[in-house]
Amino acid sequence: TQSPVGEYQNAVKKDFSYVKALPAGEITEDIYIEGIVLVDKGNPNTALNPNSASNKHVIDKTENAITVYVQSLDGSSGIRLRMKTAGDHIFSRNEKIKLWLKNTSITKTTNPATTTISNIPSLNVMEKVESSTPLVAREIYMKNLVDNDVYTYVKLKDVEISVANGSYYNINEGYEFRTDCYPTNIRDIDGNSMYMLTNSGVSYRRNGQQVPQGSGDISGVIVYESLTRYGGNIGKYAIRHFSQSDIEL
């Protein structure tokens, strides 16, 4: 009657830098990592949902449901997880987890350098407990972002929405079902800019209020995404907010 568990009794702990240095493909080593989960399961602004392979006018929201961002215990490095199914995503924000990596697979990008671990069943979760310390975003300016910041929780300092009109989701509602994400350009006090990403499932994306016209800070996870509807390459880094309170303008 016991619940099944993975065969991770002899797994060896490795840090994020070790895992990021592994080659792309299946992980055959008996290893695990420890990290902090950045966002609750069910959050609608976790990841980019692509158009369905079978119908380009339909959005497949599986990606958002299986994506988990985990950063190292010191917050200096992050990895994206893609669980096997939405049901295997059993994590909550600010949980400290131990995750067995054997028999999962790694994919990578080079510019920026990112690491994604896919095909993870919930059986690979060795442990998950609420962290004893609050999850605090590292404060940083756009000019200081580096590849290691991707998939970590940061607060971008002294920023504003470049064209502070309309909503967080300036798409004609007649097209909303064909595309899932709107990139809002933001700029900072140094004249640098990047995009803040908002999915259609976000409740405050279009709530009858104009976007904030002041400056301040925006918190969220740093991501690298290619938006086909906007020409593909929207820049090396972008940021995904997790709640309206993350946008402190």
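**Reading exposure, salt bridges and strands**

Me: At 39% relative accessibility, what does aspartate 190 count as?

Reply: At 39% relative accessibility, aspartate 190 counts as partly exposed, because buried means under 20% relative accessible area, exposed means over 50%, and partly exposed lies in between (1.4 Å probe, protein chains only). Please keep in mind that this is a predicted model, in which local features need pLDDT of at least 70 and side-chain atom pairs count only at pLDDT 80 or more, whereas totals for chains, interfaces and linings use all residues. Residues are numbered from 1 along each chain as its sequence is written, and side-chain values use heavy atoms, with hydrogens and water left out.

Me: With which residue does aspartate 190 form a salt bridge?

Reply: A salt bridge is a side-chain nitrogen of Lys or Arg within 4 Å of a carboxyl oxygen of Asp or Glu, and aspartate 190 forms one with lysine 143, where the closest N and O atoms are 3.8 Å apart. Because aspartate 190 sits in the loop between strands S12 (181–188) and S13 (193–199), and lysine 143 in the loop between strands S10 (138–140) and S11 (153–161), the pair ties together parts that are 47 residues apart in sequence. Lysine 143, at 54% relative accessibility, counts as exposed.

Me: How many salt bridges does the structure hold?

Reply: The structure holds 15 salt bridges, and one of them joins the side chains of glutamate 225 and arginine 240 at 2.9 Å, N to O. Glutamate 225 lies in the loop between S14 and strand S15 (226–227), and arginine 240 in strand S17 (residues 238–240), so this pair ties together parts 15 residues apart in sequence. Both glutamate 225 and arginine 240 are buried. Elsewhere, a network of salt bridges links Lys13, Glu34 and Lys98.

Me: Is strand S8 largely enclosed or exposed, and why?

Reply: Strands (E, at least two residues) are DSSP runs, as are helices (H or I, at least four), numbered from the N terminus. Strand S8 covers residues 113–120, and because six of its eight residues are buried, S8 is largely enclosed by the rest of the structure.

Me: Which strands pair with S8, and in what sense?

Reply: Two strands pair if DSSP finds at least two bridges between them. Strand S5 (residues 78–83) runs parallel to S8 and is joined to it by four bridges, with methionine 83 having isoleucine 120 as its bridge partner in S8. Strand S7 (residues 105–110) pairs with S8 in the antiparallel sense over six bridges, and here threonine 110 has alanine 113 as its partner. A hairpin of two residues leads from S7 to S8.
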